[in-house]
Every structure is written in structure tokens, then in C-alpha cells.
Amino acid sequence: MYEAPDRYKRMISARLPGGESLGLTSREGDGGSSPLKDVQLISRAQLAPFFAAANIVAALMMAAVLWGEVAVTWLLPWCGSIAIVNLAAMQLARTQAITHVGRSGHQVPHWLMVGDVTLRAVLWLSLPLAMFPGLSPETQVIAASVMAGLGIGALGLVVVPPCVTAWMSSFTAGVSVALLLGRNTVPFPHMLSILFTLGVAIFGVLAVARWAFHQLKTNADFGSQSESASLLLQEYEQRGVGWLWQVDSENRVTYISSRMTALLDRPASQLLGHSLPSLLGGNAELGRLLLERQPFNAVEMELKTARGERWISIGGDPIIDTAGRFEGFRGVGSDITEIRQTQERLTHLANVDVLSGLPNRGRVRQLLGEALRTATVSNVPCAILFLDLDGFKPVNDTFGHPKGDAVLRAVAKRLVDEVGSDGHVGRMGGDEFAIVVIDAQSRRNVEGMADRIIKTIAAPYMIDQTEIRIGVSIGCAFGPIDGATVDDLILKADLALYEAKGAGRGIARYFSSELQSEQEDRVRLETDIRQAIASKQFHLAFQPLVNAKDQKLTGFEALIRWNHPQRGLVPPNVFIPVAEEAGLMPVIGEWVIDEACRAAATWPEPITVALNISPKQIALAALPNTVSEALARHKLPGNRIELEVTEGVFLGDNGSTLDVLKRLRQLGVGIALDDFGTGYSSIGYLNKAVFHKLKIDGSFVREAGTRPENVAIIQSIVQLAKSFRMSVTAEGVETAEDFERMRDLGCDTIQGYLFGRPLSYERANQMVIGLGAKRMAG
């Protein structure tokens, strides 16, 4: 094959992964050039002189053969026309190789190139075929042989297979017509010789054309891929995404990015030739992986630098030459110090209740699980005490949440002081606390602890010169005696707490066979829930969501409510766990989703409706179909609905959960992470492109005015959300000061009693109508 000039090589090789030429070519589907078409035009231009010369020389040969039998007035114009047309076509091919490649060039249609070749073939064959019947037999044989031989001139067209076909078809037809005209004068052996020459030309040229086309396509693809890799690696380093490294078979550095030399604060000359593991602090794991000569990825290690301790992540692949010999490693690395620091802060945040500083619900479950496993192995029982403050709600209602939060902090301190090293104190949320006792061998000691706690909590609290009195009820269960799993043990302790509150409060109760009636009540509650579903006793309440910038209504959060005929208003945290345990949540969930879509469909475009989805609902693979059907039934676009999930969805196996979330996002439905920071750490899932919003728990909001560290935490959450292109909603905003603070910290949406309590659909609809009237008036 030919050797293209450097300018042409660059145009061929500089390609993007999708096949585009970087900065030069456009997409083939848009009528522009492509790597293969560019190289075809360039190769065609290189072969054009050969093809033109073949036509002109063959024309002169034919003129010499016909000299004396055909008038000169025919021969000279014919030869001149062939020369002019071929020279012009040659120049056009060269011009197109420059002007019709690259991003700015337009594709040369195949029909135009085929037409050019066909025109030259017809021009060349016109005179010999017209004069063929009047030639002498000897001249006919020579003329037909020249025509058959010129078919080999298609070698100058092999880079464009359709042109080869057009040229060979034209000369095959021309020779066939000539032999038909001379069937009575051209000897049969000469006919066979001419046809043989033509046949060899046809098959030979077509074979060369296929080979040449394959070579061009392979070269174009290879150049595209290799140049793409080089360009992407350069961009990887230049944009600061990470750094590159390479070592030889002895693990000595042969290349390292300037970004890494800057991190190590040493010039490249001091790094090249030295062992990579030793340069990175003698990391034993890295040395082992390099010795294994197997690919590795995301190996994290601590590095001591002039700027202090840094964390890096490194990955690499072995280099194997064509003979199968190991030549070293090449790979990438990145500085993950900030990421690890953020993860540590958020992990701490996820395990600690911000208000009290105690372990939160998720951490309490972990501690109880560890205690239960130890108890099972050692035969030393553990215990879980659930504490619910008595008379705390009036404190919030009378003195406000700031003083209520101060009471909760005081309660937390008293509990820690009283329990000491005998257990772990945690806050489950609201006014609920828990104590995990690892060694509960002595039931009397546990009972004594509970009695002391009741007395301690009952002592008055002086908050801002205001005396506040509350009490506490305690429910306790022993593991693994009362329950072999965390959930079972928590359920039994919860039943005991329910009994304590029902027995007059301010006392402790322990799960026993006498509490089976409580379990029976749960069974009755399950039956009532089934009846409530059948008789449509549930309804939705709607709490307003407002824009932080202009305080305009943006939507509602839909909250399920149950007004039981005998029990009265049953809180969701009472009946939803029972419904989940009974497998009734799919039915209730479908109803909530349908009702939320029905309400949203009656409101104008800007208004959205958010609804809570429990972890067990998220685990249902059919949930996306349920949402899709509800949206279609009410003719509602997906972006008008927002599903709120808590961090608890990531407990246990989350592969299917993540898949469900992604399928919901594909419907256009928003996914919000509710009560962020109060449960299990989900930082590893924020970059999975499933969440569009973070909701800051109300405890953060209320404490921000008195605790500067809360402001820093909220700022971190907002910054984290913005880095993942998510919006932020602040919950529990109850005062104008809270609102202004959350707005200034960068929260996008506000929710809380300051802007409205949960409303019936009719009241919510009046609010929407009022909003529409204001807009029309404006």
C-alpha cells in the first residue's frame, strides 16, 4: 500500500472513541466525514495519477493500433478528450482529499465517484467500439486485447470498491460487445485468450480491492483508538482527575505524573528508577499486589507528605508484550484525602444523634446486634431498655422546641451518668431513648438500673430559670431469651414499653408471658388494618412545601392518616410497622401512590406532591410498575411526584433496592433522601445518580440557632448536596429565625409549622387556588 503524508496521517488518527475525528470530523450520520471515508479520499488522491496515466497510455496505444484504419480527425480529438478528462479528474481527486475531509468537509457521495469512473470508461470505449466492425481481423484482436488489458487499470480504484465494480463492469461489457461484433472475423482461440485476460483482471482486481479496503478500515480504526487513548490520558492528567504511573518488571518507576511528584514534594529525577512501594511509604499490600502480577484497583493507602498525612487510591494493570513477557505495570492514582475526610465526618454524623450526641437509632441497632451475638455465644444474656418520656409533648407545646431540646440534652446526660459503663445509651428519635446492656446476667441489676433511671429523670430540670418536670416509662426485653433477632427483641421491648405506658407511666415493665395480650392486640390491629383498607378508612393530609427564596408554594408532602372508628386517630408509626409485618404495605402503598397522583393531577403544573416510601416498599421490584401505572391513569408526568426514602433503605442487601430506585428515576420521579444524617450512612450511594434531593432533619434545624457546630454540619450537607447536583429541603422550620437561617445556609425548600401544618385535601386545594389567583392578579 501507499504511505500517506504526515498531514493525512494526523487527520486519519486523531479520533474520538465514538469514531469521530477530534476537532476535525463530524458524525457520519450527519453527512460529514468519518475515519474510513477520509482515508478513502486520501488514498484515492494518491492513486489518481496512476489511474489517469493508465487511461492516457492505453488511449495512445489504441490510437497507434487504429492508425491507418481510422481517420486522424477521429483519433486525435478522442485522445485529447481522454487526456483532458483524466487529468481534470486527477486534480479533482487531489482537491477533494484536502477540502472534503475533517469536520469542516462534506462527504463526497459514492454515486459521484462512480459516475466519474463510468464517464471515463464510456469515453474511452466509445471510439474503439464505434469503429470495431470496420477494422481488419488482426486489428480487432489487438484492439480487444488492449480493452481487456485496460480493465487492470482498476487497480487505481481499489480504495473505493463501488468504483472498481463500475470500471470492471464497463470494460467487461465493452469487450463483450466488441467480441460479439467480431464473432465472424476474430479467431476463436484469440477470443478465448482475450476473455481469459479479462477474467484474470476481474478476479485479481476485485481480490486486491477487498484486501485494500480491509487494510484501510483496519488502519483507520486502529489510528482512531490509539490516538483516542492518548488524548484521553492527557486530558485525565491535565484536568486534575488523577495521576498516571508506570514501573518496569522490577517495580522501578519509569514514568510518573507531575501531579504525583508535587504531592511527594520531590523532583521526577529522584523518583525515576526507584521502587514504587518504597516511594509510597513502603506499603506492603502494594508490594504484594505487584509481585502477584495481576490487575488491582482502588487500593487505598496513607501517605506522609510535606503537607501532612494524605490518602491516595491506586490501581494498575500488568504490561504484557506480544511474546507474553511481563514488562511491568501501568496504572492510575488519585488523592482521596478530602473524600475520606468527608466520609468520616458523615459516618460519624450517621451514627450519632446531633441533638444529644448519643448513638442514633441505626447505631443502637448495631450495638444491640453485637450484644445479641455475644450473648448467644457466651450464654450471658443481654438486655434492651426502651425509654419514652412522659409529659414531654406539653413541654414543646408550652415552652417551645428550644427548651424542649434543652430538656432532651439534659435527659441524655443524666442517662449517661446513671448507666455509666454498664451499657450504651442511645436516642431513637423524638423523646425516645434506648439502653443496650451487654451483661444482663443479673436481672436484679437491670431492674435496679431501671428504677434509678425513673427517679433520675423525674427530678426537676431548670431550663432558663424555668422548672420543668417530666417522667419516663421503660420497657425491657432480654436476649436471646425473649428474642433471637434484633427486630424480635426490639418488638418485645416495645411491647413492654407499651404496657408500662398503659399501666400508668413512670414505671418499668419487662416482657413476659403476661404481655401476650399485647401481642394479641397487635393481631387485632392487623385485622382492623385489613378492614380499614376494605372500607377506605385511610386518608391523606398535605403539608405545604415553600420556596426558600420567595416563600411561594412549590408543593406538598402527602402524609397518611387513619381515623379508627373505635381507637380514634392511630399514628402512622403504630399501624405501619404492623402493616409491614403483615405484608399489607404493598396494598396501602399502592393506595397512597394513587391518591397522591390523583391529588397532584388536580393541581397546576408547578405543584408537586411528595410521599414517604418505607424501606420494605422500596425492596418491592413491582414498585416502579405501580408508580408508572398510577401516573398513566391520572395522566400525570413523573416529575410531579417525589418519593421520600430514609437512610434505612441501605441496611442489608441494597443491590435490588438501588435497582428499584434507578428504575423510578427513569420514570422521571424524584427521589429524596429523608431525615439525612439521622440513620445509616449512605454517602456511598449519593453518587449513584438516584437522589435529586436531601432533606435535613428538623433536629438539625432547631439546634442551629444555639449550636454553631450544627450550622457547620448543615453547611457540609448543603455543600455535599450541591456537589452531587441535588437540592436541599429543611424540615421542622417553626420560627422566622429558623427560616432565615436555613435560607441563608443555602437550603432550597422549607417545610414546617411556620408555613403550615398537614391539611386536608380541601384545605390544601384552597391554598393552591389562592396561589393561582395571586398569579393571575400579578
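Terms and values

Q: What makes Trp78, Trp124, Trp167 and Phe171 one aromatic cluster?
A: Trp78, Trp124, Trp167 and Phe171 form one aromatic cluster. Rings of Phe, Tyr and Trp (the six-membered ring for Trp) pair if their centres lie within 6.5 Å; planes under 30 degrees apart count as stacked, over 60 as edge-to-face and the rest as tilted. The whole structure has 16 aromatic pairs.

Q: What kind of model is this, and how are residues and side-chain values treated?
A: This is a predicted model, in which local features need pLDDT of at least 70 and side-chain atom pairs count only at pLDDT 80 or more, while totals for chains, interfaces and linings use all residues. Residues are numbered from 1 along each chain as its sequence is written, and side-chain values use heavy atoms, with hydrogens and water left out.

Q: Why is the pair of Phe538 and Trp562 called tilted?
A: The ring centres of Phe538 and Trp562 are 5.5 Å apart and the planes stand at 50 degrees, so the pair is tilted. Phe538 lies in strand β13 (538–547) and Trp562 in strand β14 (553–564), so the pair ties together parts 24 residues apart in sequence. Strands (E, at least two residues) and helices (H or I, at least four) are DSSP runs, numbered from the N terminus.

Q: Why do Phe538 and Trp562 count as buried?
A: Buried means under 20% relative accessible area, exposed over 50%, and partly exposed in between (1.4 Å probe, protein chains only). Phe538 has 8% relative accessibility, so Phe538 is buried; Trp562 has 0%, so Trp562 is buried.

Q: What makes the pair of Phe542 and Phe556 edge-to-face or stacked?
A: The centres are 6.2 Å apart and the planes of Phe542 and Phe556 are at 80 degrees, so the pair is edge-to-face. Phe542 belongs to strand β13 and Phe556 to strand β14, 14 residues apart. Both Phe542 and Phe556 are buried.

Q: Which residues of the lining are closest to the centre of the largest cavity, and how does the lining divide?
A: The largest cavity holds about 120 Å³ of space. Of its 16 lining residues, Arg44, Phe51, Asp116, Arg120 and Leu157 are the closest to its centre. The lining divides into 12 nonpolar, 1 polar and 3 charged residues. Here Ala, Val, Leu, Ile, Met, Phe, Trp, Tyr, Cys and Pro count as nonpolar, Asp, Glu, Lys and Arg as charged, and the others, Gly among them, as polar. On a 1 Å grid over the protein atoms alone, a cavity is a set of points where a 1.4 Å probe fits but cannot get out, and lining residues have an atom within 4 Å of a point. The volume is the space filled by probe spheres set on the points, which are joined across faces, edges and corners.

Terms used:
1 Å grid on protein atoms, 1.4 Å probe; cavity = no way out; pocket = protein on both sides within 12 Å on 5 of 7 lines; lining within 4 Å.
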